[in-house]
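Colleague: I have a fold to learn from today. Can you walk me through it, step by step?

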Amino acid sequence: MASKIVATATVRAVKNRKLLPVRAALSLTPAAVNRIKQLLDGKSEYIGLKVGVRQRGCNGLSYTLDYASVKDKMDEEVVQDGVKVLIDKKAQLSLLGTEMDFVQTDLSAEFVFNNPNIKGTCGCGESFSI
């Protein structure tokens, strides 16, 4: 029995066409990379940090940040400048295009997520809505 041809395909060499780079789900600033390296220094049982979201706060969602010892099947992996950050499957869509920074002032030191997908935040900045 002969197989039925569903479609044909043609291959063409394309010249002078720039390919669009694939954007990472999460990009890290140099300050964030350095801080993650400091946090993981001497902790060989961990492969990186894991970012997630959970329902909390007055605006609905907040970020979670934990040490990661294994990569779960559905985790998105971001590797940048020798640092690995895993994104929990529940957080992947809400983090697309986000920049993770580390900001240190006289009163605080914290990771800051510059997220273009956020529609609103609470007054304290800990929770957000999409």
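Colleague: Where is Asp81 found?

Modeller: First, a caution. This is a predicted model, where local features need pLDDT of at least 70, side-chain atom pairs count only at pLDDT 80 or more, and totals for chains, interfaces and linings use all residues. Residues are numbered from 1 along each chain as its sequence is written, and side-chain values use heavy atoms, with hydrogens and water left out. Asp81 sits in the loop between S4 and S5.

Colleague: What phi does Asp81 take in the hairpin of S4 and S5?

Modeller: The hairpin has 2 residues between its strands. Most residues other than glycine have a negative phi. Asp81 is not a glycine, yet its phi is positive, at about 50 degrees.

Colleague: Is Asp81 buried or exposed?

Modeller: Buried means under 20% relative accessible area, exposed over 50%, and partly exposed in between (1.4 Å probe, protein chains only). Asp81 has a relative accessible area of 53%. That makes Asp81 exposed.

Colleague: How many residues of strand S5 are buried?

Modeller: Strands are DSSP runs (E, at least two residues), and helices are runs of H or I with at least four, both numbered from the N terminus. S5 covers residues 83–87 and is mostly covered. Its buried residues number 4 of 5.

Colleague: Which residue in S5 is the bridge partner of Val51?

Modeller: Two strands pair if DSSP finds at least two bridges between them. Strand S2 (residues 48–55) and S5 run parallel, joined by 3 bridges. The partner of Val51 is Ile87.

Colleague: Which residue in S5 is the bridge partner of Glu76?

Modeller: Look at strand S4 (residues 76–80). S4 pairs with S5 in the antiparallel sense over 5 bridges. The S5 partner of Glu76 is Ile87.

Colleague: What pattern does the chain follow along the sequence?

Modeller: Count the elements: there are 2 helices and 9 strands. Read along the sequence, their order is β-α-β-β-β-β-α-β-β-β-β.

Colleague: What share of the 130 residues in the chain is buried?

Modeller: Start with the surface. The chain exposes about 9700 Å² (Shrake-Rupley method, 1.4 Å probe), and carbon and sulfur atoms supply 51% of that area. Of the 130 residues, the buried share is 29%.

Colleague: Where is confidence lowest in the chain?

Modeller: pLDDT is the predictor's confidence in each residue, from 0 to 100. The chain averages 75, and 66% of the residues score at least 70. Confidence is highest in helix H1 (residues 30–40), at a mean of 92. Where pLDDT is low, the predicted coordinates should not be read in detail. The lowest mean, 47, belongs to strand S9 (residues 128–129).
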